[in-house]
Amino acid sequence: MLITAEDGGKLDPAAGREAAADVVERMKALDEVEEVGDPVLAPDRKALLVPVTMKGDTENADQRVQPLLDASAAVQDAHEGLRVDEVGTGSTAKGLSETLGEDFKKAELISLPLTLLILLVVFGAIIAAGVPVVLALSCVGAAIGLSTLASHVLPETSAVGNVILLMGMAVGVDYSLFYLKREREERRAGKSHVDAIEDAAETSGHTVVVSGTTVVVAMAGLYLANEATFASLATGSIIVVAVAVLASLTVLPALLAKLGRWVDKPKVPFLWRFTMRSGESRVWPALLRPALSKPFITLVVSVGALLLLAVPALDMKLKQPGSDDLSRDIPVVRAMDRLTEHFPSKGTVHQVAVRAPADRADDVKAALNGLLERTAKDELFAHDSTPAIDESEDRSVHTVDVGTPYQPKSDGARESLDLLREWVPQAMADVPGAESAVGGKVAQGVDFTGHLEERMPWVVGFVLLLTFVTMVMIFRSLAVALSAILLNLLSAAASFGVLVAVFQNTWAEGFLDFHSSGAVVSWLPLFLFVVLFGLSMDYHVFVVSRIREAAFEGATTRTAVREGITRSAGVVTSAAIVMVGVFAIFGTLSMVEFKQLGVGLAAAILLDAVIIRIYVLPALMTALGNWNWWPGKVPGGPGGPTSVPYQTDPSSRHAEEQPQYARFTAEQQGGYQQPYHQGGHQDPYQRGGHQQPGPYRHDASRPGYYQQ
């Protein structure tokens, strides 16, 4: 309990003693309090400190600290002109939790309407816009329930719920968009409602499975970090992605079948006409023209731009977040600043612990006193009070807290830690059987960062290897798998560069409302890499699947790239806008780690959707030509089968796929004496049980392609 003058000036001694006596009396009357110490006057005589020890476990102190906060507020109300602050593990955790809770409420209030608005523009109908949101939210709820079951076997931290919400909304909306847009596209081509759903399941449903698999593979890499928090985040993410994939293959098609034509109701007049425009878009062919006409030049320029953005990442510094990263708008943070100002030894503290045989307790105490004498002469350590040595009941363990006047993430705090870790073993050298260590917030941050730097190559290698193997198995192409790895690495590197440029410098402090510590939060790069790799691969699989579909229908590489990207551009752009909007909201939260997470994710998705998908990917695939599918074969390529001419107009091409429009030569009919027509929606090649006779057959896995 810190008592200071309300105006920050000199504390009136009599008023201070009276308030301190009131604090002691009120605290001793509370059941939650174990002990109340004597008031301590600050060296600058501007503050009084009343030490209060709570009962119970420190881990859940924030759930039991409210009576103490009420008592401190009552003391302040009773003593005009004084400020009474409560600072400690429980009160600080409670204050930060409340602030973070308000932040997330604000984020939810903005993100859900924003997502609905974007989807309304995409679909032009209220029910169609609501389906992806409802599906994503139901996936989040189911995943939270399943993660609770998993927590009986695997570790779970408090952050897992936020990550499930983040990942669940991202992939849930994405997968629904893939499915709904393809179903609508098939209906516009003349297919019945049920046939359109089945064809969407065969194409976009397959893509959803592939995308979900790659995301799960990427998130599984976090287990190799060998750390409970990352294991918890991996478990939560894998569960919510698996639930989203399952829902997209079962609940979504069932819901669409039940809704029928109602999925396009109620229509929003202007937006509905906008979304149902016929003909090919002029925007995407124009944007793709440089990559298709001059692929090598476009590739060099676009890759060069991304590498330029990635340059700042070479100077990335990692540190654990501390109190100096928190917004000073949070009341408990300002109270912590006042405490550290008047009592430096109560701010940043190193904890020295020694374990030795009980009969050596006196030797340990003597060695620790010698250590404290040494720290008292060094300016790296706080000198406002004399540290007290604590001894366990069996006299085998001794601890002492050594304060430093520097902020936890400062160079001074790190130097004091390094010096203490050098001095402690020296002090205990003459005590037989003694084990010693230095802990605390600074040590925790340094050791955690070192652990992640050690494990990061294993995680990255695992994600790259398994993603490569997964892509090879899915696309049967080494070139597609290798290009996917390289493009996603390029996108991640560029986003890291943006992250460093923004948060390791001061130019964006006013805009994003943060104080730069000159470093990136230590856990962020590893988590960001895995999430970005999973989400970027999500888009990559979808786009390349459409390109491959066109290529295997007989289109040239340039035409296939143009058609695949143009036809998928609406879905990818819509999903990217939703993600960028949601992630950008995280940049407005109070905690610097969430600001960095939001900016990093938003920048990566934006770069991936714009530079990678519009310039780098089409330029690379155009330059590679038929080598894209090596060692496989494509129609029209060396060793590939012949095919009918590819129709570049989607509506025209899809119409030709319908039985009621199909026409065959006499040789092709092989027994059919007239064009086949039966009810307008039955497919004689897949659903009716007929086998087309003759030397030509329809390959159901390649729509619109007739193989000889």
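**Ground rules.** I am working with a predicted model, where local features need pLDDT of at least 70, side-chain atom pairs count only at pLDDT 80 or more, and totals for chains, interfaces and linings use all residues. Residues are numbered from 1 along each chain as its sequence is written, and side-chain values use heavy atoms, with hydrogens and water left out.

**Aromatic pairs.** I searched the whole structure and got nine aromatic pairs. Rings of Phe, Tyr and Trp (its six-membered ring) pair if their centres lie within 6.5 Å; planes under 30 degrees apart count as stacked, over 60 as edge-to-face and the rest as tilted. Phe178 and Phe542 are stacked, because their ring centres are 4.1 Å apart and their planes at 5 degrees. Phe178 sits in helix H5 (residues 160-188) and Phe542 in helix H18 (residues 524-551), so this pair ties together parts 364 residues apart in sequence. Helices here are DSSP runs (H or I, at least four residues), numbered from the N terminus. I also checked burial: both Phe178 and Phe542 are buried (under 20% relative accessible area, 1.4 Å probe, protein chains only).

Next I looked at Phe586 and Phe594, whose centres are 6.4 Å apart with planes at 50 degrees, so I noted the pair as tilted. Phe586 counts as buried at 10% relative accessibility, and Phe594 is buried at 14%.

**A charge over a ring.** I saw Arg548 over the face of Phe552, 4.6 Å from the ring centre. The cut-offs for Arg are CZ within 6 Å of the ring centre and within 35 degrees of the ring normal.

Note on methods: Helix = DSSP H or I, 4+ residues; strand = E, 2+ residues; numbered from the N terminus. Buried < 20%, exposed > 50% of the residue type's maximum accessible area, 1.4 Å probe, protein only.
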